Amino acid sequence: MRSDGENLLRVLLVDDQELIRAGVRMVLRSAPDVLVVGEASDGALALAALREMPADVVLMDVRMHGMDGIEATARMRTEFPGTCVVLLTAFDEDGLVRAGLAAGADGFVLKDAPPEELLRAIRTVADGGAYVSPMLAKRLLDDYRPQLYEAPVAAGSLDELTRREQEVFTLVARGLTNSQIAERLSLSPVTVRTHVDNVLGKLHLPHRSRLIIFAYENDLVRPQRFDEPPA
């Protein structure tokens, strides 16, 4: 959800390593549409910070001392449902990514991703989309395909979608945000949000990031490079 006022994306940076925060802070401050509103060294401090200063996006490490990113994400989903969460993860932390999906994270970015990808992920989730680093999505599917869902959704469930909902499903799965989908289909953003909610309900998926993984699982989309525009 985009902030009001100066129309900047308000980002809370959460990592227990000060040097990492300093490097990410430099990347974020280089973007003209991003404002770092605060920092925290663990999940509990991040929750306390959100109670004092609203943020559009929380950019948070998965593995931290104290409250980790998974528990913090689950609590933010309950206490701050309008705030998006992008988790930073290492290439070999697939289990934590699956836990983050279950907790309700909106995006996942590899810690060694280029600055452009990090900014793209923040902008995507703030605009109502979901983002998963392509290399991470491919690894999840190659190595953990049978374990992605406790109750997998049958591919036949797609038949329950209306033609318009199928169009919206495809565009969401390709990484388009609500505003991009609205422009592509000549719809209002409110109508797009309604269609997205209907799609998630019919497919029994809790949020957009799970929808994207579901689409990868059923070979309905292919992973895109971070610098590749949505199809």
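Here is a briefing on the model, grouped by topic.

This is a predicted model, in which local features need pLDDT of at least 70, side-chain atom pairs count only at pLDDT 80 or more, and totals for chains, interfaces and linings use all residues. Residues are numbered from 1 along each chain as its sequence is written, and side-chain values use heavy atoms, with hydrogens and water left out. The protein has 10 helices and 6 strands; helices (H or I, at least four residues) and strands (E, at least two) are DSSP runs, numbered from the N terminus.

**How confident is the prediction?**

- The average pLDDT (the predictor's confidence in each residue, from 0 to 100) is 83 for the protein, and 82% of the residues score at least 70.
- Where pLDDT is low, the predicted coordinates should not be read in detail.

**The whole protein**

- Of the 231 residues, 52% are buried; buried means under 20% relative accessible area, exposed over 50%, and partly exposed in between (1.4 Å probe, protein chains only).
- Among contacts with a separation of 6 or more, 68% are between residues 24 or more positions apart.

**A helix with a buried face**

- In helix α2 (residues 43–52), the residues G43, A46, L47, A49 and L50 are buried.
- Seen down the axis of α2, these buried residues fall within an arc of 160 degrees, so they line one face of the helix; the arc is that of the directions from the helix axis to the C-beta atoms.
- Their cover includes β1 (9–14), β2 (34–40), β3 and α3 (69–79).

**Salt bridges**

- The whole structure holds 9 salt bridges, each a side-chain nitrogen of Lys or Arg within 4 Å of a carboxyl oxygen of Asp or Glu.
- E39 pairs with R21, with the closest N and O atoms 3.0 Å apart; E39 is in strand β2 and R21 in helix α1 (residues 18–29), 18 residues apart.
- R21 is buried at 13% relative accessibility, while E39 is partly exposed at 31%.
- E79 and R51 meet in a salt bridge of 2.7 Å, N to O; E79 lies in helix α3 and R51 in helix α2, so the pair ties together parts that are 28 residues apart in sequence.
- D106 forms a salt bridge with R77, the closest N and O atoms being 2.3 Å apart; D106 is in the loop between α4 and β5 and R77 in helix α3, 29 residues apart.
- D106 is buried at 15% relative accessibility, whereas R77 is partly exposed at 23%.

**Two residues with positive phi**

- Most residues other than glycine have a negative phi, and most peptide bonds are trans.
- S186 is not a glycine, yet its phi is positive, about 60 degrees; S186 sits in the loop between α8 (178–185) and α9 (189–203) and is exposed at 67% relative accessible area.
- H204 also has a positive phi, near 60 degrees; H204 is in the loop between α9 and α10 (208–217) and is exposed at 63% relative accessibility.

Notes. Contact means heavy atoms within 4.5 Å.
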